[in-house]
Amino acid sequence: MTDKTNIIERGSTFIEEPVERTRRGILSMIIIAVMLIIAGWRWSLTEASMGFFWILIAVVISPALWIWPTRIGIRDGEFYIKRLFRTKVIPLDRIARVQPFVPSPADGRIWAYNVAGRLGWFKNWEKGLYFAYIGNTDQAFIIELKPEADGRVRRYACSCRNQEAMMRAISEAIND
């Protein structure tokens, strides 16, 4: 099967899916952008406050853009999360399990953005501490890594357009 967003080759697994955002999340980002533009226009009346405005934008938006996921996939024995500026890579042999995940609104935010998806560190009573790269919570799944030498288990919650195919590909790759 050949497609620009989903390719599975025989012998080696390659699958890549885009991270989708909810309409509510996209609308929230548009509203925030409009508010920032209006605030910038209003503050541009005084030069002193304009510098503060740009610093505020850099502090608020830059971290979100740094971790914002665009695509996730599997290639050459690695699971990867493409972000705007970097790619997070996890070797498949470090993954213990993958399963569907329904984030709770009661999950504690450690350091997170929850506007157009879920980005950052969260704590769930059931799963524990996890890092979220979720665009649409209806398409979420969680990857649990094997315990490290100190016993700590890392978890990454992700989402993509074709959640079942991605989870199946990861399961097949880690069970081979």
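The questions and answers below look at one predicted chain and at its residue Lys127.

This is a predicted model, in which local features need pLDDT of at least 70 and side-chain atom pairs count only at pLDDT 80 or more, while totals for chains, interfaces and linings use all residues. Residues are numbered from 1 along each chain as its sequence is written, and side-chain values use heavy atoms, with hydrogens and water left out.

Me: What average pLDDT does the chain have?
Reply: The pLDDT is the predictor's confidence in each residue, from 0 to 100. Over residues 1–11 it is below 50, and where pLDDT is low, the predicted coordinates should not be read in detail. In the chain, 84% of the residues score at least 70, and the average is 79.

Me: Where does Lys127 lie?
Reply: Helices (H or I, at least four residues) and strands (E, at least two) are DSSP runs, numbered from the N terminus, and the chain has three helices and 10 strands. Lys127 lies between strand 7 (118–124) and strand 8 (128–134), in the loop.

Me: Which side chain of opposite charge is nearest to Lys127?
Reply: Lys127 is buried (under 20% relative accessible area, with a 1.4 Å probe and protein chains only). Lys and Arg count as positive and Asp and Glu as negative, with His and the chain ends not counted.

Me: Which residues is Lys127 in contact with, leaving aside its neighbours within four places in sequence?
Reply: Contact here means heavy atoms within 4.5 Å. With neighbours within four places in sequence left aside, the contacts of Lys127 are Gln99, Phe101, Ile142 and Arg155.

Technical notes
Buried means under 20% relative accessible area, exposed over 50%, partly exposed in between (1.4 Å probe, protein chains only). A salt bridge is a side-chain nitrogen of Lys or Arg within 4 Å of a carboxyl oxygen of Asp or Glu.
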